[in-house]
Amino acid sequence: MRLEGKSAIVTGAGRGIGKAIARKFLEEGARVMICDLDEDCLGAAHEELSDFGQVRSELVDVTSREAVEYLAGQAKGAFGRIDVLANNAGISRFEPFLEITDENWNDTLAINLTGVFLCSQVVAAEMRNQASGAIVNMGSTNGILGEEGLAHYNASKAGVILLTKTMAIELAPHNIRVNSVCPGFILTELQLESGMSEEAIRDYTSLIPLNRYGRVEEVANAFAFLASDEASFITGTELVVDGVRPAGSEGLVPHRLPVLYGGVYGVDHIRTFNSRLFQIRKTSVTSATRRSTRMQWVWRFRASTTPSPQAIMSLNQFTTVSPWLQSAAVSG
Ligand SMILES: NC(=O)c1ccc[n+]([C@@H]2O[C@H](COP(=O)([O-])OP(=O)(O)OC[C@H]3O[C@@H](n4cnc5c(N)ncnc54)[C@H](O)[C@@H]3O)[C@@H](O)[C@H]2O)c1
């Protein structure tokens with residue numbers, strides 16, 4: 001077992017990916033302290049995870065230094081040491097950049113980025129005394145490529161990735177490794193609660209070359225690897241778990257927005273021509289907000305290659321092709 005004899009903290013482990021990470025750590029022989037903000041799901045997760053090994057739980061908000069210090073103290077008291085910290089807790093809210101409220105901006109940054117900072121700083125001080133430790137932070141492919149409608153989330157995850165690299169450099173002398181895991185689309189309660197329909201999920205996953213969404217266990221496996229001694233010479237890096245995004249692709253378009261914004265803003269068609277995938281979306285001429293009524297068809301490509309004239313002709317069959325696309329095809 002890869003984490004035999006180690007003890008770990010997993011934040012936001014009441015459900016979703018965090019719960020899967022805690023389960024994987026337990027299956028790999030670790031003793032695990034889980035925490036979450038939601039009392040009900042924390043209790044249910046504690047009960048469920050107890051079947052897999054020695055688990056403790058604490059109701060903790062990762063944005064509070066006091067609460068995080070309490071959490072670390074409880075873990076140290078229960079297990080004697082803290083070998084692994086998995087910073088998983090996070091939220092995401094979909095809203096166009098021009099409509100992000102201060103409250104949503106601050107909440108997203110506080111939980112996704114400041115929470116990682118606080119937990120890491122408190123636990124790393126403990127790890128320094130032990131002269132060993134592994135911290136694995138939850139990033140996202142959104143922190144690498146970005147995605148419309150998620151400026152605050154993307155910024156927080158980009159912050160996590162660079163915080164990880166900086167911590168890795170500064171903590172290396174203390175034999176503490178720090179890495180991040182960057183998942184793509186993983187189907188969890190978070191996604192379902194956002195109102196994604198089965199059709200939207202199908203469309204979204206059709207953009208992933210492996211042609212399916214990721215499973216929480218697949219992210220948990222990456223966390224277990226980076227937390228284990230098998231990754232003993234790996235620090236300051238991000239491990240992408242996303243079923244591949246092709247080079248040159250833009251960020252995925254959020255299919256959830258039509259649900260939230262009444263279809264004014266979002267993907268309308270996805271078509272394949274000459275083995276290339278085209279996203280055809282309706283968007284505002286002036287700005288991508290729900291208030292705008294002026295619409296046009298805009299073409300997006302997920303491949304960096306230029307579409308062939310034949311592809312353009314095929315596209316012409318069902319809608320008007322923008323002049324930009326036509327000239328791109330001719331010159332290509
Ligand atoms: N699901 C995906 O497709 C995906 C992709 C990339 C990254 N991620 C990241 O993975 C992590 C988990 O996502 P998920 O899909 O399992 O979400 P989820 O909502 O199912 O789980 C997140 C958990 O974090 C808890 N939490 C929220 N705020 C907290 C706080 N202040 N203190 C303590 N706990 C708190 C929630 O109560 C919840 O139990 C997040 O950081 C998310 O950004 C998810």
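**Exercise 1. Describe how helices α3 and α4 pack in this predicted model.**

Solution. Begin with the geometry: α3 covers residues 65-79 and α4 covers residues 102-130, and the two helices pack at an angle of about 35 degrees with their axes 9 Å apart. Next, take the handedness: the crossing of α3 past α4 is right-handed. Then identify the residues that meet. From α3 these are Arg 65, Val 68, Glu 69, Ala 72 and Lys 76, and from α4 they are Leu 118, Cys 119, Val 122, Val 123 and Glu 126. Finally, classify them: the contact of α3 with α4 comprises 6 nonpolar and 4 charged residues, with no polar ones.

**Exercise 2. Determine the strand order of the sheet and state which strands lie at its edges.**

Solution. The open sheet is formed by 7 strands in the order β3-β2-β1-β4-β5-β6-β7, with parallel pairing. The edge strands, β3 (55-59) and β7 (238-241), each pair on one side only. On average, neighbouring strands are turned by 15 degrees against each other, direction ignored. As a specific pair, β1 (residues 7-11) and β4 (residues 84-87) run parallel and are joined by 3 bridges; Val 10 has Ala 86 in β4 as its bridge partner.

**Exercise 3. Identify what surrounds the ligand.**

Solution. Count the shell: 31 residues surround the ligand, and the closest are Gly 12, Gly 16, Ile 17, Gly 90 and Thr 188. Assign them to elements: α1 (16-27), α4 and α6 (189-193) each give two or more residues to the shell. Classify the shell: it holds 13 nonpolar, 13 polar and 5 charged residues.

Technical notes
Residues numbered from 1 in each chain as written. Predicted model: local features only at pLDDT ≥ 70, side-chain atom pairs only at ≥ 80, totals over all residues. Axes fitted to C-alpha atoms, helices over the stretch in contact; angles between N-to-C directions. Helix = DSSP H or I, 4+ residues; strand = E, 2+ residues; numbered from the N terminus. Left-handed = near helix turned anticlockwise from the far one by under 90°. Contact = placed C-beta atoms within 7 Å. Nonpolar A, V, L, I, M, F, W, Y, C, P; charged D, E, K, R; others polar. Near = placed C-beta within 6 Å. Pairing = 2+ DSSP bridges.
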